[in-house]
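Visitor: I am new here and would like to learn how to read this structure. Could you walk me through some of its features?

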Amino acid sequence: MTEDDLRQMIGRVKRGSLSRRGFVRRLAAFGLTAPMATQLLAIAGAAPAAAQGVPEYRPARRGGGGQLKLLYWQASTLLNPHFAVGTTNQDASRTFYEPLAGWASDGTLHPILAAEIPSVENGGLAEDGRSVTWKLKRGVKWHDGQDFSADDVVFNWEYNRNPAVATVSSGSYRDINVVKLDDHTVRVEFEKPTPFWADAFVASRGTIIPRHLFRDYAGANSRDAPTNLRPVGTGPYRFVSFAPGDTLRGELNPNYHRDNRPYFDSFEIKGGGDAVSAARAVLQTGDFDYAWNLQVEDEILKRLEAANRGRVNIVEGGNIEFIQLNVTNPHEEVDGERSSIKTTHPAFSDPAVRQAMAMLVDKNSIQQFIYGRGGPATSNFLNNPPRFRSPNTRSEFSIQKANEILDQAGWARARDGIRAKNGVRLRFVFQTSVNAPRQRTQAIIKQAAQRAGIDLELKSVTGSVFFSSDVANPDTYTKFYADMQMYTTTMPQADPQLFMNQYTSWEVATRENSWQGRNIVRWRNDEYDAAFRQSEAELDPVKRAALFIRMNDLIVGSNHVIPLISRPLTSASLNNLRHVLSAWDNTTWLLGDWYRET
Amino acid sequence: MTQYLIRRLLIAIPSLLGISVVLFTVLALAPGDPFEELATNPAIPPEVRANLRASLGIDDPIWQRYFSWLFAMLRGEWGYSFVSRINVDQLILQRLPVTLVVIGASQVVALAIALPVGVYAATRPYSVFDQIANTLAFVGFSLPTFFTGLLFILLFSIYLDWLPFVYRTELSETGWRWWWEQLRQSIMPVMVLGLFQGAAWTRFVRSAVLDVIRLDHVTTARAKGLPESRVTLRHVVRNALIPVVTLVALQMPIVFGGAIVTEQIFRVPGVGSLLISAILANDTPVIMAVTFVFAGLVIFFNLLADILYGWLDPRISYR
């Protein structure tokens with residue numbers, strides 16, 4: 001199936017000569033999944049505009065739901081979304097503040113403060129991809145009664161791009177220009193055609209804070225703003241009280257701009273403690289309605305679920321646990337730099353060794369015995385949203401085949417059973433952070449590798465060192481002074497543009513950029529670079545999806561990167577709680593839509 | 001006496017300075033910064049992180065940061081938390097009431113157990129009561145609080161479903177219901193800490209009383225025909241309490257510092273859990289402030305214990 005065929009079929013759906021169901025069925029015949037097919041239709045403008053990722057909201061009136069109690073094992077510490085370093089703070093401030101739109105779990109946009117999602121059809125998106133016009137919802141009021149208007153949106157742009165304010169979100173606002181067209185319309189302008197336009201004013205970094213309360217604190221005095229701890233937003237709940245590092249409370253906002261919402265009269269977010277007891281407080285004792293981010297062994301969760309009070313929610317996202325095979329030589333120093341791009345790895349430069357290594361990773365056992373539901377095995381680096389998932393990759397676990405490949409490539413076993421060729425022995429240092437599931441994964445791989453004549457020396461570094469950006473420390477993951485390493489990389493946005501830049505040649509981590517480049521495996525490929533550049537300017541969503549699939553196939557096909565398992569978000573909630581979760585946005589992104597079934 | 005006090009206070013200054021230097025250096029050498037989480041987030045460019053670091057002054061040399069911290073401290077400015085962006089003293093004051101109530105109550109419980117049990121066991125040494133009390137005391141202080149805490153949660157919250165195991169500062173109930181809920185949620189943390197402390201003190205009270213009970217003045221009191229209860233309370237316990245009072249005074253900083261592990265298990269938002277979360281978030285100003293307050297309290301209560309000791313036992317004089 002070529003791109004032209006796809007386009008023709010989408011055209012037929014638009015004209016009405018092919019039903020949407022028929023389209024999905026035809027694509028399925030070519031091995032494309034149903035979600036991918038429906039999303040292709042959605043992005044090509046041939047599907048109902050409403051996001052399918054948001055379930056129906058049933059309650060017929062506002063309030064009356066009592067108290068909603070959420071439990072976070074990490075407590076929130078401040079309530080300005082633009083200073084929120086971690087997800088806990090983003091989640092906490094998101095209960096009061098709202099962006100123009102949020103990301104639903106299927107990777108589609110859901111309007112919140114916007115009247116509609118801009119598209120080429122409704123004139124919101126410029127054909128040349130250089131501007132996007134947002135129509136704001138009318139009649140929205142801040143919690144203190146003031147009107148929400150385009151001035152607030154423009155102010156958020158000014159606030160965030162000001163380096164003196166030093167916000168975490170500033171990266172989304174530096175390179176854009178925002179113009180107020182009228183009180184309820186703003187236009188975001190880009191320097192060059194931008195296919196991923198839904199960054200500023202969208203999701204966690206796009207939450208709008210009120211101009212009239214932050215205006216006097218939009219400089220170096222930003223931290224003195226009293227509203228940093230006493231938020232006044234537009235959200236479904238109003239601020240009641242906040243003890244940093246402990247409890248946040250809110251109450252129903254009677255003037256909320258969406259009908260019949262919210263359902264609960266008040267909410268409380270309690271922070272602190274540990275993940276296992278948080279799971280207990282929901283699943284076993286039912287003291288709380290919802291427990292956030294439960295990175296707990298699946299076996300424990302299953303045991304707790306047996307009490308039948310609550311259930312575990314698995315929300316698929318783009319985070320992935322994977323292995324990198326170093327392109328450069330970590331044992332050779334060039335100009336005082338190890339793993340320098342001037343070197344090549346003595347063994348991994350042979351594709352046969354990389355292919356054998358990939359075959360020695362038993363992903364299914366890793367899923368089955370270590371991560372359970374919290375880590376489905378995958379053969380792709382880019383897994384979600386489904387429209388970007390490659391159907392072309394396969395992973396296979398076979399020690400026998402790995403042995404054959406190595407034999408053919410001339411890596412012969414020495415007397416101690418370890419393969420060698422031209423004086424290079426297949427003996428690798430395999431590093432990761434200290435974390436029980438990772439150490440167990442390391443052991444599984446080491447065992448298989450041993451049977452193929454490869455000796456792995458396992459190394460584990462404390463997380464606070466491994467993931468730090470300390471330039472002086474040789475054990476950080478960005479320095480990669482090892483042959484192989486394993487960790488999880490996160491994908492916070494539903495668009496893969498930023499996610500996939502980690503294999504472009506200009507992102508290579510070197511001493512020059514203090515190892516801040518994101519291409520840590522140091523893999524360079526002209527075709528990949530070209531595809532990435534093209535995707536940055538490609539406005540056709542179908543073509544762009546094809547480009548990302550190609551990039552995924554290139555990096556996974558090189559075997560320098562071995563995807564292991566994807567890491568969905570795991571949480572627990574009571575059986576009668578109806579929530580709206582999304583891996584592309586905060587847990588509380590649509591808290592106003594949560595209700596209890598009676 | 002005044003001279004002695006002044007001298008002790010002067011000696012305290014260099015030790016506090018030394019403590020602060022050590023703390024600051026260790027914290028500065030430790031890996032990580034408050035924006036670590038941003039490092040793995042592809043949506044946040046490294047320049048943004050660098051800008052954030054610079055705005056908090058983390059990139060300045062250690063000695064420069066230390067002196068600016070020290071001078072601010074001398075002016076009474078505690079600095080502000082990197083992660084909460086509010087003043088540290090406010091943050092600590094917010095946590096203090098809970099810590100004082102929970103930990104204070106546990107110390108009262110400990111004393112209420114240790115005194116009667118210890119004294120009674122000492123007056124009847126090697127009796128059945130003494131043997132049982134001894135055994136339980138050994139068990140009590142051999143089991144760490146994080147273990148008994150989990151055991152209590154399993155038993156009272158999960159199997160029996162009597163008590164909640166998440167401590168909430170913002171109870172929605174009012175009136176007597178509020179008191180009832182407060183009591184229910186405080187019992188477990190208070191008991192875990194109180195039993196542990198009580199067990200240790202029981203042993204201490206017992207041996208202190210045993211030391212006094214054999215002295216001549218006790219025999220004299222008995223020879224005068226005084227009732228046994230009067231002998232025990234007036235002549236034995238009062239003398240035996242002198243070392244116990246010192247010990248309790250030395251424990252006072254712990255009351256303020258909170259019980260880190262127990263607070264974490266029961267989610268009690270006290271000073272101890274503030275310290276833990278600050279350490280995990282690399283929030284240097286908060287760690288400095290909390291540990292520094294702790295150091296100051298230790299020095300202060302040491303001094304207080306010394307003075308108290310002289311007041312209880314006039315044979316000791318200060319020069």
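**A helix across a sheet**

Guide: Helix H5 (residues 150-161) of chain A lies across S5 and S6 of chain A, at about 170° to S5(A). Helices (H or I, at least four residues) and strands (E, at least two) are DSSP runs, numbered from the N terminus. Axes are lines fitted to C-alpha atoms, for helices over the stretch in contact, and angles run from 0 to 180 degrees between N-to-C directions. This is a predicted model, in which local features need pLDDT of at least 70 and side-chain atom pairs count only at pLDDT 80 or more, while totals for chains, interfaces and linings use all residues. Residues are numbered from 1 along each chain as its sequence is written, and chains are lettered from A and ligands numbered from 1 in the order in which they are written.

Visitor: In what sense do S5(A) and strand S6 of chain A pair?

Guide: Strands of a sheet pair through backbone hydrogen bonds, either parallel or antiparallel. Two strands count as paired if DSSP finds at least two bridges between them. S5(A) and S6 (residues 185-190) of chain A are antiparallel, with six bridges. One bridge joins Ile176(A) to Phe190(A) in S6(A).

Visitor: What is the order of the strands in that open sheet of chain A?

Guide: The order is S4-S6-S5, three strands with antiparallel pairing. S4 (131-135) and S5 (176-182) of chain A are at the edges with a single partner strand each, so one side of each has no neighbour in the sheet. On average, neighbouring strands here are turned by 20° against each other, direction ignored.

Visitor: Is strand S19 of chain A mostly covered or uncovered?

Guide: A residue is buried if 20 or more other C-beta atoms lie within 10 Å of its own, exposed if 12 or fewer, and partly exposed in between, with C-beta atoms placed from the backbone. S19 (residues 561-566) of chain A is mostly covered, with six of its six residues buried. Five bridges link S19(A) to the antiparallel strand S12 (residues 320-325) of chain A; in one of them, Ile320(A) is paired with Ser566(A).

Visitor: How many residues of chain B are in contact with chain A?

Guide: Two residues are in contact if their C-beta atoms, placed from the backbone, lie within 7 Å. By that rule, 41 residues of chain B touch 49 residues of chain A. H3(B) gives the most to chain B's side, five residues.
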